[in-house]
2 protein chains.
Amino acid sequence: MTETIFRTIRADILACRLLPGAKLKIAALAQRLDVSLGAVREALSRLSAEGLVVSETQRGFRVAPVSAADLTDLTTTRIEIESLCLRRAIAAQDVAWEAELLAAFHRLAHTPEREPNDAVRLADNWSRMHEAFHLALVSGCKSSWLLRLRGTLYMQSERYRRLSIPVARVDRDLVAEHRAIMDAAIARDAERATALLAEHLLMTARILLTAPELKEDPDSPSGEERGRRVRPQGSAAEKEPASA
Amino acid sequence: MTETIFRTIRADILACRLLPGAKLKIAALAQRLDVSLGAVREALSRLSAEGLVVSETQRGFRVAPVSAADLTDLTTTRIEIESLCLRRAIAAQDVAWEAELLAAFHRLAHTPEREPNDAVRLADNWSRMHEAFHLALVSGCKSSWLLRLRGTLYMQSERYRRLSIPVARVDRDLVAEHRAIMDAAIARDAERATALLAEHLLMTARILLTAPELKEDPDSPSGEERGRRVRPQGSAAEKEPASA
DNA sequence: GATGGCTATAAAATCGATTATTTGCCAGAT
DNA sequence: ATCTGGCAAATAATCGATTTTATAGCCATC
């Protein structure tokens, strides 16, 4: 059904198998996924409402662009929202939450960050564990609206995180960072926990902002000739064998 | 095109012409709006991603339910997000922003709250002016992500606000409330401005929470016979001549 | 008399074709 | 030689029909 297509395309976008700015040709996607045009169109519409895809009337869909300005805005906003969630979670702390958080951390700490044979791409499994940890961290927050907003921002960040991996030459002890945040949260030290979380998020953004990739691949500084620069359908659409 | 249908259905939901929980039959909507099935389906999908419509697999779409718990959560979340926006707007204050805010307030203050002949429904025009004022208040915030989140929550609140009007027997000086918030913002008193804004939002929620309507019409206490109660296609769909 | 299965009806999901729009290209004119 | 106008190919948007699925009513059996 259309839900499957929706998730498949979203996963491709989040994992950067479909590059930012790439043109999304409905017919090509339909043939590749072996479904009808309408189904793809519906999935693209939903993605558009979630902000992962942009649609221009009568001109089709493309993957939402990335830019340094967007990453900066996204990161600062995310810090504020995640902090709100984390403070509430700490205030409503209970044993079940602590247990889940410890379990999520343990799973994350023992999952290899990259695929054994592919040193450049993030492992899908690690991404899942990472998401589960951060979700466990804030899941004590009872507000479903706040968690929903957080989820939107987390999803957007996922694209940048995947983009940043080939650039991440700095060595960084992610396990220690996550452990420090968790320890502060369990110790009910909201100030310290939110400060560590903010630094954690800022670090990721900073690494990407100093990397050259974002400067030459970005959105639209002047706005014209976008298709020319990235050559989306030629390179992105053909190089990725999809369905994975 | 599908964009028009999307906006039409969204306006019907926000104005409560389509009641919360009402079943949205695709065929009926398609015939009424004189478009195809696929177009309606796509519009409903986008609404679903925005949270105004819920979809159950193989069981169609219905208008997102309302409940006292959801209103409480929505209000507290909205207070936090709007406060973040307002603080940033005040920090980045400039003359252009002040001018726009004053203009928006003046328009709002001189727009009648209800239709002259219909004392029970909110005037569409007043709703537009009210939205414009609140948008002007926070538009000094440069973060497009934060403003986007705020927009989502504002839209959700709109439904409750329209629902609350037939109940609003308490007399309330909305013009004075808005003026007080504006004055504090222009005076760069962020603490006072956010406090007044919070009280403003809480007041609206409080009025609705004490009213009986939400208690008997709410989401799904037990979950059955929901279509029976509101008879959506019979009353709501037929009484409004669409296109408005 | 009640319960369980079966059938009929209605609605939702999917599909392939048709129509309209845009874009790139070629030819002709200045 | 270059610019402009039209033409053709590609692609997005819309539509109506078909297929699958859920629900409700009915009959048979226990």
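How many salt bridges does the rule find across the interface of chain A and chain B? The rule finds 4. A salt bridge is a side-chain nitrogen of Lys or Arg within 4 Å of a carboxyl oxygen of Asp or Glu. This is a predicted model, in which local features need pLDDT of at least 70 and side-chain atom pairs count only at pLDDT 80 or more, while totals for chains, interfaces and linings use all residues. Residues are numbered from 1 along each chain as its sequence is written, chains are lettered from A and ligands numbered from 1 in the order in which they are written, and side-chain values use heavy atoms, with hydrogens and water left out.

**View 1. Chain A holds 12 helices and 3 strands.** Helices (H or I, at least four residues) and strands (E, at least two) are DSSP runs, numbered from the N terminus. Of the 244 residues in chain A, 46% are buried. Buried means under 20% relative accessible area, with a 1.4 Å probe and protein chains only. The accessible surface is about 11800 Å², computed by the Shrake-Rupley method with a 1.4 Å probe. Carbon and sulfur atoms account for 54% of that surface.

**View 2. Helix α3 of chain B covers residues 37-50.** Its end C-alpha atoms are 20 Å apart, which agrees with the 20 Å that its 14 residues should span at 1.5 Å a residue. The expected span is 1.5 Å times one less than the number of residues. The helix is mostly covered, with 11 of its 14 residues buried. Among them are Ala39(B), Val40(B), Glu42(B) and Leu44(B). Gly51(B) follows α3(B), with a positive phi near 90 degrees.

**View 3. Chain A meets chain B through 30 residues on each chain.** Contact means heavy atoms within 4.5 Å. The area buried between the chains is about 2500 Å², and carbon and sulfur atoms give 57% of it. Buried area is the accessible area (1.4 Å probe) that two parts lose on being put together, summed over both. Glu42(A), Trp145(A) and Leu149(A) supply 25% of the area that chain A buries against chain B, more than any other three residues.

**View 4. Arg41(A) and Glu42(B) form a salt bridge.** Their closest N and O atoms are 2.8 Å apart. On the side of chain A that touches chain B, α3 (37-50), α4 (68-91) and α7 (144-164) of chain A each give two or more residues. The most come from α4(A), with 9 residues.

Definitions and conventions:
Buried means under 20% relative accessible area, exposed over 50%, partly exposed in between (1.4 Å probe, protein chains only).
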